[in-house]
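Subject: Handing over the model

Dear colleague,

Please find the structure below, followed by my notes on what was found in it.

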Amino acid sequence: MIDDSVASAEITQYLRSLLKPNDEFLRTLEKEALEEYIPVIQPEVVQLLRVVIKSAGIKNILEIGTAVGYSAINFARECESVVTIERDEDMVRRAKENIASAGLDDKITVVCGDALEFMSGDNGTYDMIFIDAAKGQYIKFLPECKRLLRTGGILVSDNVLYRGSVAKEGFIPRKHRTIITNLKQYLYEISNDKELTTSILPIGDGVAISRKGTDDNA
Ligand SMILES: C[S@@+](CC[C@H](N)C(=O)[O-])C[C@H]1O[C@@H](n2cnc3c(N)ncnc32)[C@H](O)[C@@H]1O
């Protein structure tokens, strides 16, 4: 298994070998982030979301978890606007610098603060919401994400398989217990919610794609 993927190293390497390479700006940004152990969206997940954005008529995106702005920059190249939330002030500063260097500050708004707090006060409507933040909190984000997502919109949740740990039986080390319990509850909720149709894919660290419908036609 490649360190950051739940799929085998062989499959992951093969999938990545088929992707068109990043341009130099994104290559450098990704490399610098990974050298500092700042996790960024994996190449095969970016590609999946490019397909989703293009095919589901996604114009505006809310992202939870900006880090250095790598995923936001990727998304903004495919849609009209991105609002991205980050609670770490240093990351916010770095993301803003990177977004300006990418020439995308007219398309991307970086909000500094806690995602749940921001969402509770937000009355926007989004075509897609991408959750890539503290995994133990996804379950708390869910009601606000559902409220802010338009009918027909797409909720994408990253890292939901937590390196395969959510599927393992038996002893869970104490430091991972709450995260795994919360993630399992989250996956159960999005899989059984009347308004959501969800598919969970074992690429990257596990990606869940949920479409919001109405109670009758989810
Ligand atoms: C995995 S990184 C995001 C990577 C980014 N999406 C990318 O692919 O380039 C997760 C980020 O979420 C932020 N974060 C975690 N929980 C948060 C919360 N409740 N509100 C806002 N930001 C949060 C962390 O500070 C961290 O920088």
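How many nonpolar, polar and charged residues does the shell around the ligand have, by class? There are 10 nonpolar, three polar and five charged residues in that shell, where Ala, Val, Leu, Ile, Met, Phe, Trp, Tyr, Cys and Pro count as nonpolar, Asp, Glu, Lys and Arg as charged, and the others, Gly among them, as polar.

Before going further, please note that this is a predicted model, in which local features need pLDDT of at least 70 and side-chain atom pairs count only at pLDDT 80 or more, while totals for chains, interfaces and linings use all residues. Residues are numbered from 1 along each chain as its sequence is written.

**Ligand shell**

Of the 18 residues around the ligand, the ones that come nearest are Gly65, Tyr70, Ser71, Ala115 and Ala133; a residue is near a molecule or strand if its C-beta atom, placed from the backbone, lies within 6 Å of it. Two elements, α4 (70-76) and β2 (81-86), each give two or more residues to this shell; helices (H or I, at least four residues) and strands (E, at least two) are DSSP runs, numbered from the N terminus.

**The sheet**

The strands form an open sheet of seven, in the order β3-β2-β1-β4-β5-β7-β6 and with mixed pairing, where two strands pair if DSSP finds at least two bridges between them. Its edge strands, each pairing on one side only, are β3 (108-112) and β6 (196-201). From one strand to the next, the twist averages 15 degrees.

Taking the pairs in turn, β1 and β2 are parallel and share five bridges, with Val83 in β2 as the bridge partner of Leu62. The pairing of β1 with β4 is also parallel, over four bridges, and here Glu63 stands opposite Phe130 in β4. β4 and β5 are likewise parallel, over five bridges, and Tyr126 has Leu149 in β5 as its bridge partner. By contrast, β5 (residues 149-158) and β7 (residues 207-212) run antiparallel, joined by five bridges, and Asp158 has Val207 in β7 as its bridge partner.

Helix α5 (residues 89-101) lies across β2 and β3 and runs at about 170 degrees to β3. For these angles, axes are lines fitted to C-alpha atoms, for helices over the stretch in contact, and angles run from 0 to 180 degrees between N-to-C directions.

**Burial and the nonpolar core**

In β4, six of its six residues are buried, and in β1 four of its five residues are buried; a residue is buried if 20 or more other C-beta atoms lie within 10 Å of its own, exposed if 12 or fewer, and partly exposed in between, with C-beta atoms placed from the backbone.

The largest nonpolar core has 56 residues, of which Ala72, Met128, Ile129, Ile131 and Val156 touch the most other members; such a core is a set of buried Ala, Val, Leu, Ile, Met, Phe, Trp, Tyr and Cys residues joined through C-beta atoms within 7 Å. Leaving out residues up to four places away in sequence, Met128 touches Ile53, Ile58, Ile61, Gly153, Ile154 and Val156, where contact requires that the two C-beta atoms, placed from the backbone, lie within 7 Å.

**Individual residues**

Two residues deserve a look for their backbone angles. Most residues other than glycine have a negative phi. Tyr37, however, has a positive phi near 60 degrees; this residue is in the loop between α2 (24-35) and α3 (43-55), and it is exposed because 6 other C-beta atoms lie within 10 Å. Arg163 has a positive phi of about 55 degrees, is found in the loop between β5 and α8 (174-192), and is partly exposed, with 15 other C-beta atoms within 10 Å.

Lys140, in helix α7, is partly exposed because it has 14 other C-beta atoms within 10 Å. Lys140 and Tyr186 are 46 residues apart in sequence and 8.8 Å apart in space, C-alpha to C-alpha.

With best regards
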